[in-house]
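Subject: Structure for you to look at, with notes

Dear colleague,

Here is the structure I said I would pass on, with my notes below it. Please read them with the structure open beside you.

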There are 2 protein chains.
Amino acid sequence: QIMLEKLGKSQRTVDSELEAQIEQLRETQRKYLSILRLTRAFSSHFQHVVVTQHALADSFADLAQKNPELQKEFTCNSETQRNLTKNGELLLNALNFFISSVNTLCNKTIDDTLLTIRQYETARIEFDAYRMDLENTKPELTPSAVALEETQRSYAQHKEQYEKLRSDVAVKMQFLDENRIKVMHKQLILLHNAIAAYFSGNAMALESTLKQFNIKLKSPNAVTGSWLEQ
Amino acid sequence: QIMLEKLGKSQRTVDSELEAQIEQLRETQRKYLSILRLTRAFSSHFQHVVVTQHALADSFADLAQKNPELQKEFTCNSETQRNLTKNGELLLNALNFFISSVNTLCNKTIDDTLLTIRQYETARIEFDAYRMDLENTKPELTPSAVALEETQRSYAQHKEQYEKLRSDVAVKMQFLDENRIKVMHKQLILLHNAIAAYFSGNAMALESTLKQFNIKLKSPNAVTGSWLEQ
């Protein structure tokens with residue numbers, strides 16, 4: 001059937017509105033995966049920064065003792081780096097929460113709907129194949145009424161399956177869209193507030209952002225996102 | 001002579017105060033090189049962060065257009081990342097200036113004094129060797145007055161050279177110490193002010209810090225530290 005369609009020898013059934021929505025969903029997944037990849041890179045580079053700041057804080061503190069003539073300057077730098085390290089770890093928790101939630105959205109929630117979409121696309125091809133069969137069945141050439149009836153039954157069966165899956169897809173896509181908007185709205189606000197708080201040196205705002213989003217500290221692996229809000 | 005000293009068969013001339021200062025200088029160079037290595041690592045990781053933030057700003061801006069239902073959230077994040085990118089580049093200029101100045105201090109200025117110190121150490125060994133020669137020359141065994149005179153002249157010559165280099169080293173170390181304190185005082189204040197301004201989101205303070213230290217922007221290779229202030 002796919003070959004016949006490609007050769008232009010069979011017309012495919014088209015639900016253009018649904019297909020546009022499906023294309024849009026695939027595009028959205030691609031874009032979100034790109035955000036996910038960048039945020040992971042950001043988190044990894046930032047973690048290296050924090051580790052280096054930790055080592056710098058130690059070295060400066062050591063030199064403050066060894067170089068009494070520059071004690072004030074070294075101490076100042078050591079304390080700044082140490083504070084940044086502490087807040088940097090808070091920001092890393094927020095970044096990991098964002099990454100974990102967007103990862104679940106892209107690679108579990110959206111993928112689940114895309115699986116139904118692939119089933120729907122297969123059903124559409126099968127349905128069109130049986131439809132072609134029926135259209136090409138000319139009564140004068142048909143060997144028997146039984147065979148005609150069989151072709152009609154197959155057609156009806158696949159039509160029903162196609163329509164059921166089309167309706168499944170439409171419903172799933174609508175739920176997914178609502179869920180996606182809810183999750184991304186929450187995660188984008190978290191990301192923005194955490195980044196803005198950290199990079200304006202507002203440790204208290206950073207901590208309260210983490211509390212607001214119920215982010216458990218110090219154990220990024222234990223972070224469980226309540227992303228499924230519906 | 002080194003072998004005789006190791007075997008305990010020859011006493012070395014010791015200027016314990018100067019030698020303590022030399023050991024202190026070598027220790028300081030080691031510590032500063034470690035700071036230099038860490039700041040370079042910090043700058044490199046931070047540069048990766050800035051590049052990623054740039055890409056994130058673009059991706060968020062793109063999604064703000066493609067996802068009208070989340071336009072506000074994506075735009076917000078895009079603008080924050082873009083601002084951070086701009087300020088991040090300013091901070092990178094400050095970091096590169098610090099790195100370039102401390103690199104000159106460690107690998108040129110201090111090394112220059114260490115070269116004189118090595119010459120002084122060689123002169124000390126030679127002087128001690130000729131001193132031993134003279135001490136071991138027993139008048140009753142000396143073949144001739146000419147040979148004795150020759151030994152005495154060599155001894156005096158090497159004594160003079162040793163004392164000249166010892167005085168050179170003392171003078172150089174004093175100048176180096178003053179220069180080192182001046183350079184590090186300036187650079188540590190720059191580093192602290194730039195880091196504090198950037199991580200408190202104070203773009204104006206960051207810019208004025210760069211101006212205060214005459215840091216030319218956008219061309220890290222052209223940055224020339226006026227580290228030699230004396």
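Lys164(A) and Asp168(A) both belong to helix 4 of chain A and stand 4 residues apart, about one turn of the helix; helices here (H or I, at least four residues) are DSSP runs, numbered from the N terminus. Their side chains meet in a salt bridge at 2.9 Å, N to O, a salt bridge being a side-chain nitrogen of Lys or Arg within 4 Å of a carboxyl oxygen of Asp or Glu. Asp168(A) counts as partly exposed, with 26% relative accessibility, where buried means under 20% relative accessible area, exposed over 50%, and partly exposed in between (1.4 Å probe, protein chains only).

Before going further, please note that this is a predicted model, in which local features need pLDDT of at least 70 and side-chain atom pairs count only at pLDDT 80 or more, while totals for chains, interfaces and linings use all residues. Residues are numbered from 1 along each chain as its sequence is written, chains are lettered from A and ligands numbered from 1 in the order in which they are written, and side-chain values use heavy atoms, with hydrogens and water left out.

**Other salt bridges**

Over all chains, the structure holds 36 salt bridges. In helix 3 of chain A, Arg124(A) and Asp128(A) lie 4 residues apart, about one turn of the helix, and they form a salt bridge whose closest N and O atoms are 2.6 Å apart. Arg124(A) is buried at 7% relative accessibility, and Asp128(A) is buried with a relative accessible area of 0%. In helix 3 of chain B, Arg131(B) and Asp128(B) are 3 residues apart, about one turn of the helix, and their side chains meet in a salt bridge at 3.1 Å, N to O. Arg131(B) is buried, with a relative accessible area of 14%, and Asp128(B) is buried at 0%.

**Where the two chains meet**

The contact (heavy atoms within 4.5 Å) takes 46 residues from chain A and 46 residues from chain B. About 4100 Å² is buried between chain B and chain A, and carbon and sulfur atoms give 71% of that area; buried area is the accessible area (1.4 Å probe) that two parts lose on being put together, summed over both. Between chain B and chain A the count is 4 salt bridges. Glu69(B) and Arg180(A) form a salt bridge, with their closest N and O atoms 2.7 Å apart. A network of salt bridges links Glu23(A), Glu27(A), Arg30(A) and Lys31(A) with Asp62(B) and Lys66(B).

**The nonpolar core**

Which residues touch the most other members of the largest nonpolar core? Of its 110 residues, they are Phe46, Phe74 and Phe199 of chain A together with Phe46, Phe74 and Phe199 of chain B. A nonpolar core is a set of buried Ala, Val, Leu, Ile, Met, Phe, Trp, Tyr and Cys residues joined through side-chain atoms within 4.5 Å. Setting aside residues up to four places away in sequence, Phe74(A) touches Phe60(A), Leu63(A), Ala64(A) and Asn67(A), as well as Tyr32(B), Met184(B) and Leu188(B).

**Helix geometry**

Helix 3 of chain A has 66 residues and, at 1.5 Å a residue, should span 98 Å, which agrees with the 93 Å between its end C-alpha atoms; the expected span is 1.5 Å times one less than the number of residues. This helix bends by about 40 degrees at Asp111(A), the bend being the angle between axes fitted to the seven residues ending there and the seven starting there. Helix 4 of chain B, with 55 residues, should span 81 Å, and its end C-alpha atoms are 78 Å apart, which agrees. Helix 4 of chain B is followed by Gly201(B), whose phi is positive, near 70 degrees.

Arg40(B) is found in helix 2 of chain B and is partly exposed, with a relative accessible area of 41%. Leaving aside neighbours within four places in sequence, Arg40(B) is in contact with Ile99(B) and Asn103(B). Glu19(B) also has its place in helix 2 of chain B and counts as partly exposed at 25% relative accessibility.

With best wishes

Key: Helices (H or I, at least four residues) and strands (E, at least two) are DSSP runs, numbered from the N terminus.
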